[in-house]
Amino acid sequence: MALLEVKNLHVEIDGKEILKGLDLSVDSGEVHAIMGPNGSGKSTLAYLLAGKDDYEPTKGEVRFDGKNLFEMEPDERAAAGLFIAFQYPLEIPGVATMTFLRTALNAQRKRRGEPELSTPEFLKRVRDTARNLAIDPEMLRRGVNVGFSGGEKKRNEVLQMALLQPRLAILDETDSGLDIDALKIAADGVNRLRGPDRAFVVITHYQRLLNYIVPDVVHVLSAGRIVRTGGKELAMELEARGYAQYQEEFAA
Amino acid sequence: MKTAAEAALAQTFSQARDRLPGSGAIAAQREAAFDVFAKAGLPHRRVEEWKYTDLRALMREAKPLAAPPDAAAKARAKTAAAMLGDLEARRLVFVDGVFVPELSDIAKIEAGLRVGSLADALCAGDSALTAHLGKLAPTGDVAVALNTALMGDGAVIYAAPGATIERPLHLVFVSSEKPVATFTRSVMVVEPGARVMLIESYEGPAGSDYQVNAAIELFVGDGAHVDYVKTIGEGAEAMHVSTLAAAIGAKARFNSFTFTAGGAVVRNQLYLRFDGEDTVAGIRGATLVRGRQHADTTLMATHIARGCQSREMFKAVLDDEAHSVFQGRIVVRQGAQKTDAKMMTQALLLSERAEADNKPELEIFADDVQCGHGATAGALDDELKFYLMARGIPAAEAESLLIQAFLGEAIEGIEDAGLREALIESVAAWLKARGQKPV
Ligand SMILES: Nc1ncnc2c1ncn2[C@@H]1O[C@H](COP(=O)(O)OP(=O)(O)OP(=O)(O)O)[C@@H](O)[C@H]1O
Ligand SMILES: [Mg+2]
């Protein structure tokens, strides 16, 4: 059984159907890319998988590691190894980044029956990870994402992913807002984590990212459905030709 | 029409008037104060200042005056105020409103400091006390009037000019299991240039509906530096009314923080007067209430002298059906030009049944001032909570982090690191208990 199994998923927001029968299957060890026009439902899929409240699945099922995702709270999903790097990371004034990272990491470990990390162990991990991602430790003294630039927020998402070491990471446009160097650094961060026990779903608009994180499978998501699936060459084709053919086909 | 509580208070006074400490001028002061109560009765909702805290309705009975504590009550008081233990303060312990020297740190009092019991000072007719007692407490306030009429004991503290009192002073007020009423009155005089930190803490058992009426008059001299903290951690059924009346001199620094977490009905009154120029003051507080608790903070800050800066910030966190009130009035008198006063009050409602009433007011009679106020009330941000949960933090813990963040701004205003830590710990304890309550 695949690590993530999405079958005929229909999702409504405020009574409006956004995902309209989406199928997706991701195996451990794989990297999938999802591309698609603005408003097609990519972030909706990410939020739904994370367990956000207003995203109402009306039909279909989602299994993560064989378990019904709809029966799990967002924190349980995270502890089970699901991570979403959000397209728009939030600022949390008054919650120190270090407190946040530590609480998250230890809460996950506790739920999995692992011992909490000691302070020195934790600090070392954060420092090493931050160094790998060229994140200034000064930034971690602030409130979560408070006063961060758009690109810094994205890097902070990658930092969280690297610390939490999820089994499936969904990166929702993590590349948008990153400068050329930061893009490489973030991609390296993902590539370092790649391995037979982990999978990635990379949502992006730009083929450039996929030069660094080379996907095994590329999907086109349009109007709430996966309308085409192919190899990495599909990304090239989209870059050249755009989405016009898919939008016409599924405009109704 | 008198209520049962009003009748009982009258009876209490008539029975106790002859054996309460102090005679002559003190006895006359008691009589005059009692008259204020006798004429007005308990304050009720048609009295503007008590609109949200109808004491006449809330106080169904008046408890008898407390008797001196027995050995068992004293023994239990030994572990009081554990949360503030790390401060290594000089503790003056009061059990059921009576000073207990054997539980207090009254040995090796440093130079420049005098501490004693109000009852002793009243009995001795101490002229230093009579020069200050009743000089700041507003005579028209019925809660204060009852306190003046029935005051039994309290602390009298004096810091000499220029003295730096290194060790914080901690007035520990503990109520025993007995459902009784206590009336404590304290007076602290901080002479010019002196530096003092004063903590008052109140606590008692959960199962007793005791009543506490406490007041303190605080004189802050020119160039003095005073940190003042009050923690109200009364038992769940207790009624607590307390008043701080302070007059602050020129070029002084005054920081106060009042923390309310316990008690069924709490009224926390602050009367502050800026008498001297160029003083800097931070007046802050946090209220954490749940169940059916009712907690009222009423602040009156009067700028008389020019050039003072005051920052008022009060935050309330409410769960269940709790009710919080913040009434804050900043008055800037005609002569108080260049006053810089900013007041902010914010309530965080964790339940739809909780209610927060915020009433900030400015009354400005000077034309060259910078004053402002703001008030907000709202629920926890679900988006932020989701973000935290999406990283594996369980709902209750996510809420705790956000509540701590909400309170942070007020608590970070506390200058002393040890006190700040103690209050952060108190908040954590409240949050922990919240997480454990049966749903
Ligand atoms: N809270 C909401 N209420 C109503 N409609 C919403 C809400 N959130 C998203 N939508 C709608 O759902 C559709 C899909 O949005 P989604 O954010 O998933 O698109 P996307 O594919 O991620 O787009 P982009 O490439 O611009 O990030 C859009 O039409 C959007 O307007
Ligand atoms: Mg999107």
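Let's start at ligand 1, which has 15 residues around it, and the ones that come nearest are A:Gly39, A:Lys42, A:Ser43, A:Thr44 and A:His205. Please keep in mind as we go that this is a predicted model.

Which residues put polar atoms close to the oxygens of this ligand? One is A:Lys42, with a polar side-chain atom 2.8 Å from a ligand 1 oxygen. Another is A:Gln87, where an N or O atom of the side chain sits 3.0 Å from an oxygen atom of ligand 1.

Staying in chain A for a moment, I'd like to show you one salt bridge. The structure holds 42 of them over all chains, and the one I picked joins A:Arg194 to A:Asp216, with the closest N and O atoms 3.9 Å apart. Where do these two residues sit? A:Arg194 is in the loop between helix 6 (180-193) and strand 10 (199-203) of chain A, while A:Asp216 is in the loop between helix 7 (207-212) and strand 11 (217-222) of chain A. So much for the loops themselves; the pair links distant parts of the chain, 22 residues apart.

Now, please turn the model so that you can see chain A and chain B together. The contact between them takes 31 residues from chain A and 16 residues from chain B. Together the two chains bury about 1,900 Å², and carbon and sulfur atoms account for 72% of that. Which residues of chain B lose the most area to chain A? They are B:Phe386, B:Tyr387 and B:Arg391, and together they make up 42% of what the chain B side buries.

On the chain B side, the elements giving two or more residues are helix 8 (382-389) and helix 9 (395-411). Helix 8 of chain B gives the most, with six residues. By residue type, that side divides into twelve nonpolar, one polar and three charged.

The domain assignment gives domain 1 (4-276) and domain 2 (381-439), and their C-alpha centres lie 30 Å apart. How many residues meet between these domains? There are 14 residues of domain 1 in contact with 14 residues of domain 2.

The area buried between the two domains of chain B is about 1,100 Å², with 74% from carbon and sulfur atoms. On the domain 1 side, B:Met83, B:Phe257 and B:Phe259 supply 47% of the area buried against domain 2, more than any other three residues.

There is some polar pairing here too. Between domain 1 and domain 2 of chain B the count is one salt bridge, and in the model the side chains of B:Arg253 and B:Glu415 meet in a salt bridge at 2.7 Å, N to O. Two residue pairs are in polar contact between these domains.

And which elements build the domain 1 side? Those giving two or more residues are strand 7 (195-203), strand 9 (225-233) and strand 11 (253-260) of chain B. The largest share, four residues, comes from strand 11 of chain B. The residues on that side divide into nine nonpolar, three polar and two charged.

Note on methods. Residues numbered from 1 in each chain as written. Chains lettered and ligands numbered in written order. Predicted model: local features only at pLDDT ≥ 70, side-chain atom pairs only at ≥ 80, totals over all residues. Heavy atoms only, no water. Domains from an automatic or database assignment. Contact = heavy atoms within 4.5 Å. Buried area = accessible area lost by both parts, 1.4 Å probe. Salt bridge = Lys/Arg side-chain N within 4 Å of Asp/Glu carboxyl O. Polar contact = N/O pair within 3.5 Å; in protein donor to acceptor, adjacent residues only side chain to side chain. Nonpolar A, V, L, I, M, F, W, Y, C, P; charged D, E, K, R; others polar. Near = heavy atom within 4 Å.
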